[in-house]
Amino acid sequence: MELVLNYKIDGITIRSENAAKPHTMPSGYLCNYIKNSKKNGRALDFGCGKLRYSEQLVNKFNVVTFLDSRKQLERVQIIRGVKTTIPEYVANNYKNSNAVPFENVDKITDQYDFILCANVLSAIPCKTTIYKIISSIRELLKSDGEAMIVNQYKSSYFKKYESGIKHLHGYIYQNFRNASYYGLLDERVVSEICLENNLSIIKSWSKAGSSYVIVGKNKEV
Ligand SMILES: C[S@@+](CC[C@H](N)C(=O)[O-])C[C@H]1O[C@@H](n2cnc3c(N)ncnc32)[C@H](O)[C@@H]1O
């Protein structure tokens with residue numbers, strides 16, 4: 001399957017790597033969830049962005065893999081006040097951790113106890129890529145592993161997107177400089193995508209405008 005990472009819709013280029021928020025704005029709720037999770041061992045941060053949850057993950061798990069698009073991994077950016085790249089930051093600061101581009105996802109031979117996929121699906125305007133991510137998560141989970149898929153789908157701030165062009169699960173919004181896509185993925189939409197990719201839903205809930213879906217491998221198949 002061809003990996004579609006240059007998200008281009010009707011001639012409009014969407015730069016999803018620009019959607020990542022800095023580490024100063026992690027969700028306290030998600031940080032607590034990671035801290036109190038019953039899982040331990042190996043974790044994967046799928047679509048790690050600017051490493052918003054890296055500290056929580058490395059403090060909790062023995063081994064952590066950070067994965068994002070090659071473009072996001074190769075660019076020089078400010079991570080926790082340091083001008084660096086994600087692989088360089090990970091190598092210099094975290095033991096037993098590595099960074100892998102999405103383009104090499106099929107080369108990963110490890111399996112994980114916990115996979116975090118936070119606000120990634122909502123940044124992707126392409127169904128094929130969303131399905132590839134979800135089926136990769138399935139491949140990468142241990143048989144008793146759990147993946148947490150989080151997406152913010154409600155906020156007063158999103159109102160402006162509704163003046164944009166409707167696309168996939170949300171809207172393409174253009175300002176004078178660039179175009180962005182925001183998908184509104186509530187519990188039902190995320191659950192459907194996961195079920196279609198043969199994952200089982202362990203638990204799902206919504207809180208403060210975000211949907212949380214915990215999935216595992218479907219053991220009956
Ligand atoms: C809104 S950011 C979220 C980043 C991080 N998870 C967080 O919560 O701060 C969305 C991220 O998804 C990444 N992304 C887009 N397409 C991807 C793909 N096919 N595989 C992995 N990451 C992808 C973007 O580069 C970006 O870092």
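1. Ser-204 of the predicted model faces Val-213 in strand 14. Strand 13 (residues 199-207) and strand 14 are antiparallel, with eight bridges between them; strands count as paired if DSSP finds at least two bridges between them. Helices (H or I, at least four residues) and strands (E, at least two) are DSSP runs, numbered from the N terminus.

2. Two residues separate strand 13 from strand 14 in a hairpin, and Ala-208 in the turn has a positive phi of about 50 degrees.

3. Strand 14 (residues 210-217) has eight of its eight residues buried, where buried means under 20% relative accessible area (1.4 Å probe, protein chains only). Strand 9 (residues 141-152) also runs antiparallel to strand 14, through six bridges. Gln-152 is placed opposite Ser-210 of strand 14.

4. The ligand is surrounded by 24 residues, the closest being Tyr-7, Gly-47, Arg-52, Asp-68 and Ala-118; a residue is included if one of its heavy atoms lies within 4 Å. These shell residues comprise 14 nonpolar, seven polar and three charged.

5. A polar backbone atom of Gly-47 lies 2.6 Å from a nitrogen atom of the ligand. An N or O atom in the Arg-52 side chain is 2.6 Å from a ligand oxygen atom. For Ala-118, a backbone N or O atom is 2.8 Å from a nitrogen atom of the ligand. Of the 600 Å² of accessible area that the ligand has on its own, the protein covers 97%.

6. Residues are numbered from 1 along each chain as its sequence is written, and side-chain values use heavy atoms, without hydrogens and water. In this predicted model, local features need pLDDT of at least 70 and side-chain atom pairs count only at pLDDT 80 or more, while totals for chains, interfaces and linings use all residues.

Conventions:
Buried < 20%, exposed > 50% of the residue type's maximum accessible area, 1.4 Å probe, protein only. Polar contact = N/O pair within 3.5 Å; in protein donor to acceptor, adjacent residues only side chain to side chain. Areas by Shrake-Rupley, 256 points an atom, 1.4 Å probe, with all protein chains shown as cover. Nonpolar A, V, L, I, M, F, W, Y, C, P; charged D, E, K, R; others polar.
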